[in-house]
Amino acid sequence: MLLREVEYARPASVQEALRLLGSHEGARALAGGQTLINVMKARAASPDVLVDLADIGELRGIELASDGTVTIGAMTTYTDIVDSAEARARPILGEVCKQIADVQVRNRGTVGGNVCSNDPTNHLPPLLVAVGATMTILGQGGERSVPAREFFLGVYMTAAGPGELLTKISVPPGKGDGFASVPIGRDGTCIVNVAASLDSGAPTLAIGCVDAVPVVLTPDSAAEETVRVAVRGANLDPPSDVHASADYRRHLAEVLALRAVAQAAGRT
Amino acid sequence: MEAVSSRTITVEVNGVQYEREVEARRLLIHFIRDDLNLTGSHIGCDTGNCGACSVLIDGVLVKSCMMLAVQADGAKIETVEGLASDGELNGLQQAFSDHHALQCGYCTPGMLMSATALLRENASPSEEEIRKGIQGNICRCTGYVNIVEAIKAAAQ
């Protein structure tokens with residue numbers, strides 16, 4: 001497919017990238033391109049300028065702090081996470097990244113791209129919400145931190161606004177996590193996914209694919225009936241499509257919530 | 001640095017250096033096929049699903065329909081044309097031939113590149129690992145069994 005004409009820059013620093021993003025109204029950051037290039041083919045996005053972040057080394061990499069916090073640069077690929085010894089400090093990260101699409105997409109697709117595109121069927125928005133991640137956003141006005149729960153604002157919309165960049169994601173220490181999904185084909189697009197974490201005591205659940213942003217639930221306990229009641233009480237209103245009716249998605253949300261919690265409980 | 005609508009890129013493809021001016025909007029697969037006339041890599045779906053356009057960029061397996069040519073500036077690219085040498089199929093290609101691992105053949109270039117990447121990383125993959133390794137490549141003839149057999153044979 002021939003793309004619409006577009007200008008391209010590949011800055012070497014975050015400051016230069018911010019300047020470029022700020023000086024063109026139709027500028028967009030290009031991370032791994034595994035979503036953006038395709039939506040440009042479909043003309044669902046038509047940026048005037050692409051600011052390729054590939055040369056900005058400080059946006060890439062995974063660090064493990066002495067307190068167990070895992071900090072992931074926005075340009076880190078899924079494959080980087082799967083292969084990273086540091087990321088294994090929070091094992092669910094690599095386990096979920098391994099379920100995303102296929103080898104080629106995992107080699108190019110980035111964590112930052114996944115969350116900033118905020119497709120409601122993506123894996124990482126619910127996961128990062130459940131594990132209590134913190135997103136660092138840099139703009140012309142400086143740096144700010146946003147909890148993952150407040151980062152996802154709507155379909156394709158996040159707290160990283162025009163002219164801003166998500167630079168890194170910090171995941172606190174923990175092991176009691178679970179993730180369950182029903183995808184279209186193995187490792188395909190999720191029909192419903194649920195991430196759960198029991199590390200803060202009471203469970204935190206984040207249900208994906210059923211609303212514009214992950215639906216967060218904090219049942220009082222990890223007991224099966226309590227989790228069921230919490231999911232039913234959320235009055236989910238998911239979309240219907242060729243893959244699943246709204247009713248079936250509601251059913252999946254409940255079943256997958258139980259599976260995610262059970263997996264998490266087995267690890268605490 | 002300013003944004004530009006075209007730029008001159010240098011790439012090494014199968015050991016040969018190329019310098020070309022390309023439009024920023026040009027997909028890498030079009031650059032490889034139409035500018036360099038290396039038509040072994042195929043365009044199947046053009047949506048990132050089928051993997052027929054798979055190539056190796058600096059040793060990393062990617063789908064070249066989901067990358068711009070300008071993003072590959074400075075890279076070493078390997079395509080299916082680089083597998084055979086002096087007209088002789090390499091071991092993997094010979095295994096595909098021996099095991100009838102192609103029907104219409106359209107997916108074959110991508111399958112070969114995915115298998116190449118897999119075998120470099122894992123010299124003796126299990127069947128499960130082979131199937132995971134070619135997960136991004138769709139054979140619309142559904143001839144996966146023989147493809148898996150061929151990769152298994154090439155690994156031995």
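**A tour of chains A and B**

Helix 9 of chain A and helix 10 of chain A are oblique to each other, oblique being what remains once angles under 35 degrees (roughly parallel), over 145 (roughly antiparallel) and 65 to 115 (roughly perpendicular) are set aside. This is a predicted model, in which local features need pLDDT of at least 70 and side-chain atom pairs count only at pLDDT 80 or more, while totals for chains, interfaces and linings use all residues. Residues are numbered from 1 along each chain as its sequence is written, with chains lettered from A and ligands numbered from 1 in the order in which they are written.

**Stop 1: two helices of chain A**

Select residues 224–233 (helix 9) and 246–265 (helix 10) of chain A; their axes come within 9 Å and cross at roughly 140 degrees. Helices (H or I, at least four residues) and strands (E, at least two) are DSSP runs, numbered from the N terminus. Axes are lines fitted to C-alpha atoms, for helices over the stretch in contact, and angles run from 0 to 180 degrees between N-to-C directions.

Now show side chains. A:E224, A:V227, A:R228, A:V231 and A:R232 of helix 9 meet A:A253, A:E254, A:A257, A:L258 and A:V261 of helix 10. Contact here requires C-beta atoms, placed from the backbone, within 7 Å. By class, this contact has 6 nonpolar, no polar and 4 charged residues. Nonpolar covers Ala, Val, Leu, Ile, Met, Phe, Trp, Tyr, Cys and Pro; charged covers Asp, Glu, Lys and Arg; the others, Gly among them, are polar.

**Stop 2: domains of chain A**

Colour residues 7–52 as domain 1, 57–171 as domain 2 and 177–265 as domain 3 of chain A; such bounds come from an automatic or database domain assignment. The centres of domain 1 and domain 3 of chain A, taken over C-alpha atoms, are 33 Å apart.

**Stop 3: where the chains touch**

Chain B brings 24 residues to the contact and chain A brings 28 residues. On the chain B side, select strand 4 (residues 60–63), which gives the most, with 4 residues. That side of chain B has 10 nonpolar, 10 polar and 4 charged residues.

**Stop 4: two helices of chain B**

Go to helix 2 (residues 91–98) and helix 5 (residues 144–155) of chain B, which pack at about 135 degrees with axes 8 Å apart. B:G91, B:L92, B:A95, B:F96 and B:D98 of helix 2 meet B:A150, B:A153 and B:A154 of helix 5.

**Stop 5: a loop glycine**

Finish at B:G15, in the loop between strand 1 (6–13) and strand 2 (16–23) of chain B. From there to B:E121 is 21 Å, C-alpha to C-alpha, across 106 residues of sequence.

Conventions. Two residues are in contact if their C-beta atoms, placed from the backbone, lie within 7 Å.
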